[in-house]
Amino acid sequence: MHNQILKNTLIAVPSTSIGGVANYYKSIYPYLKNHNISYLPIGINKPGTLSIISLIKSIYDLKNKIYKKKYSVYIVNPSLDIKSIIRDTILVMIAKNNALRVIIFFRGWNVNYERCINIFPSLIRPLLKNASCIIVLSSDFKKALRKWGFNKHISIETTTFNRDILDFIKMNKNKSDTFNLLFLSRLLKEKGIYTTIDTFRLIRRKNKNVKLMIAGDGPEKENILKLTSKDESIEILGWLEGKEKYQTLKNSDIFIFPTYHNEGMPNSILEAMAFGLPVITRNVGGLKDFFKNEKNGFITKSKDPMIFAKYLERLLVDNKLRKNISNYNTNYAMKVFSPEIVSSRIIKIIKCQQL
């Protein structure tokens, strides 16, 4: 598919370099740039906000881009929340009025807003009626869109990881006498940070050979620092990116992510899998479509630290299981989530809209 050059395609990307959507498009860009695909940064550098200034700038930038060059397809990447829906409904209407076919790639998925749309489906119909195709990260999201009346093509896709990971995967792991348990995410309560700490403290009662590394920044950072200040078995690493993040993943043994946030498909889990880490997580977003217990690690609906501690203990005591999961995750990640594979699928979707 890569040898077929597309007609001009415009993809709206975040103006910030932070976050899953930004990382996704940064990772696949090397495989898209030779296919007449251009990026258009949308809004201002304040993730999660919608202001009049940001909206006006987005409208101006889109119109200016379309005026200067003829495009056939426009791709937007909203989350299912009120701010994204308002912004992208307006931008999609502009693209549609200029004869562009529109692909909507839903990223985050707010279950509370989903319930609201179930009661008032008219809230999202102006956006959906202008879409030629929709991409989602979960079969559950696809079912919701069908319920809301969207009857055109829906693709279920994944996120990806940065190609730079491969250089670190090949490196030797630092030898350690302890098991390194890693939590890597924005420090939000909903991301499961407190469940992680409670889980770790339960397991430390039985196994003193375990260390918890917390990587990330966010609103809960100060509380986490106070909560763990006297615990030498917990290391707060702060925000990590690039080489520091990959080296930390390389030197970890198990990845824990008890999130109950509005996830699509968390990049951190795909990265952990690429490094061969067994994963302990919750069945959120697109994870439930592929994740299997004892194949990828352990997945549960529970938020109970006791449940997570039980799974963690199994991985700690069963060396064969841990090794089998490690090999399976690396192979699976390379076959399904690598940027070359993901970009080829996106190109195929765009190509179908240009026929």
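Me: In which helix does Q354 lie?
Reply: This is a predicted model. The helix in question covers residues 339-354. Q354 falls in that range, in helix α14.

Me: Is Q354 buried or exposed?
Reply: The relative accessibility of Q354 is 12%. Buried means under 20%. Therefore Q354 counts as buried.

Me: Which side chain does the side chain of Q354 join in a polar contact?
Reply: Leave aside the neighbours of Q354 within four places in sequence. Q354 is then in contact with L6, K7, N8, T9, S72 and V73. A polar contact of 2.9 Å joins the side chain of Q354 to that of S72.

Me: Are α2 and α3 roughly parallel or roughly perpendicular to each other?
Reply: Helix α2 has residues 52-68, and helix α3 has residues 82-97. Their axes are 10 Å apart, and the packing angle is about 20 degrees. Angles under 35 degrees count as roughly parallel. Therefore α2 and α3 are roughly parallel.

Me: How many residues of the contact of α2 with α3 are nonpolar?
Reply: From α2 come L55, S58, I59, L62, K63 and I66. They meet R87, I90, L91, I94 and A95 in α3. By class, two are charged, one is polar, and the nonpolar ones number eight.

Me: Is α12 roughly parallel or roughly perpendicular to α13?
Reply: Helix α12 (residues 305-317) packs with helix α13 (residues 319-336), their axes 5 Å apart. The angle is about 95 degrees. Angles of 65 to 115 degrees count as roughly perpendicular. So α12 and α13 are roughly perpendicular.

Me: How many charged residues has the contact of α12 with α13?
Reply: α12 gives R314, L315, L316 and V317 to the contact. α13 gives N319, L321, R322 and I325. Five residues are nonpolar and one is polar, while the charged ones number two.

Me: What is the phi of N36 near?
Reply: N36 sits in the loop between α1 (20-32) and β2 (37-42). At 36% relative accessibility, N36 is partly exposed. N36 is not a glycine, yet its phi is positive, near 55 degrees.

Me: Is A99 buried or exposed?
Reply: A99 is in the loop between α3 and β4 (101-105). A99 is not a glycine, but has a positive phi of about 70 degrees. Its relative accessibility is 65%, and exposed means over 50%. So A99 counts as exposed.

Conventions
Residues numbered from 1 in each chain as written. Predicted model: local features only at pLDDT ≥ 70, side-chain atom pairs only at ≥ 80, totals over all residues. Heavy atoms only, no water. Helix = DSSP H or I, 4+ residues; strand = E, 2+ residues; numbered from the N terminus. Buried < 20%, exposed > 50% of the residue type's maximum accessible area, 1.4 Å probe, protein only. Polar contact = N/O pair within 3.5 Å; in protein donor to acceptor, adjacent residues only side chain to side chain. Contact = heavy atoms within 4.5 Å. Axes fitted to C-alpha atoms, helices over the stretch in contact; angles between N-to-C directions. Parallel < 35°, antiparallel > 145°, perpendicular 65-115°, else oblique. Nonpolar A, V, L, I, M, F, W, Y, C, P; charged D, E, K, R; others polar.
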